[in-house]
Amino acid sequence: MDCLRKFCVDAVLLLKGHLEQVLRHLKTPLKTLSITKCPLSDSDWNHLSRCPNTRQLTHLELTDFSPEPLKILLESTVASLKSLDLEDCRITDSQLQALLPALSRCSQLRVLSFHGNRIFMSALRDLLLHTARLSQLSIELYPAPLESYDAQGAIHPGRCSQLCAELTAIVRDFRQPKVLVFCTVPCPQCGSMFLYNQGLLHCSCPTAA
Ligand SMILES: [Zn+2]
């Protein structure tokens, strides 16, 4: 593991409780850290966030997280991080809020993938405001706000479209986004997401329009 630059694990259940042992063998700073569908213990998260070799990450991908260690990890990588993937992380509005000061300083960030999380309009608005100075951002994927769904969880296309247009306008106030997309949860009938990219793209179900 002398010059390991990438650490990617997917669905490795046995990692829990053993991450410190793995990290201890790293001799060089990691560039990529991807831990997906691997449950970790609190102490694993703490080791991860304090490990000196995770301070120059350029790519970070997680599907689980622990709020405080993730905040520390982000704070220590603001100067190097180019892509952040927190898709389907089950992050809440208040947990997101805690990450925003660090996120707003990730000046090298090019790709931000944040869809699949259940976030309300006000928190999304706040998230976007914190991207004002991220001039390198070229691909941004956000969830459609929770207000886009009715009480039964069905996508309300008109409302979704209007809210995503509002969010897009917020971004356009301070920078010119390149790829800025809002994604809904998958349609229960066909599994496709509705995508908003300056207009709403529906799934192909006859009931969707
Ligand atoms: Zn559909």
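This is a predicted model: local features need pLDDT of at least 70, side-chain atom pairs count only at pLDDT 80 or more; totals for chains, interfaces and linings use all residues.
Student: What makes a pair of residues count as being in contact?

Tutor: Their C-beta atoms, placed from the backbone, must lie within 7 Å.

Student: Where does A132 lie?

Tutor: A132 is in the loop between α5 and β6, the latter being residues 139-143.

Student: Why is A132 called partly exposed?

Tutor: A residue is buried with 20 or more other C-beta atoms within 10 Å, and exposed with 12 or fewer. A132 has 13, so A132 is partly exposed.

Student: How many residues of the chain count as buried, as a percentage?

Tutor: Of the 209 residues, 29% count as buried.

Student: Why are α5 and α6 called roughly parallel?

Tutor: Helix α5 (residues 121-129) and helix α6 (residues 157-174) pack at an angle of about 20°, and their axes are 9 Å apart. Angles under 35 degrees count as roughly parallel, and α5 and α6 are therefore described that way. The crossing of α5 past α6 is right-handed.

Student: Which residues make that contact?

Tutor: From α5 come M121, L124, R125, L128 and L129, and from α6 come L163, L167, I170 and V171. By class there are 8 nonpolar, no polar and 1 charged. Arg counts as charged, so R125 of α5 is a charged residue in this contact.

Student: Why is α2 called roughly parallel to α3?

Tutor: Helix α2 (residues 42-50) and helix α3 (residues 67-76) pack at about 10°, with axes 8 Å apart. The cut-off is under 35 degrees, so α2 is roughly parallel to α3. W45, N46, L48 and S49 of α2 meet P69, I72 and L73 of α3. This contact divides into 5 nonpolar, 2 polar and no charged residues.

Student: How do you know that the radius of gyration of the chain agrees with that of a compact globule?

Tutor: A compact globule of 209 residues would have a radius of gyration near 17 Å, and the chain has 18 Å, so the two agree. The C-alpha trace spans about 55 × 35 × 25 Å along its principal axes.

Student: What percentage of contacts between residues at least 6 apart in sequence join residues at least 24 apart?

Tutor: In this chain, 73% of them do. The chain has 6 helices and 9 strands.

Notes: Residues are numbered from 1 along each chain as its sequence is written. Helices (H or I, at least four residues) and strands (E, at least two) are DSSP runs, numbered from the N terminus. The radius of gyration is taken over C-alpha atoms; the globule rule is 2.2 Å times the number of residues to the power 0.38. Two residues are in contact if their C-beta atoms, placed from the backbone, lie within 7 Å. Axes are lines fitted to C-alpha atoms, for helices over the stretch in contact, and angles run from 0 to 180 degrees between N-to-C directions. Angles under 35 degrees count as roughly parallel, over 145 as roughly antiparallel, 65 to 115 as roughly perpendicular and the rest as oblique. A crossing is left-handed if the near helix is turned anticlockwise from the far one by less than a right angle, and right-handed if clockwise.
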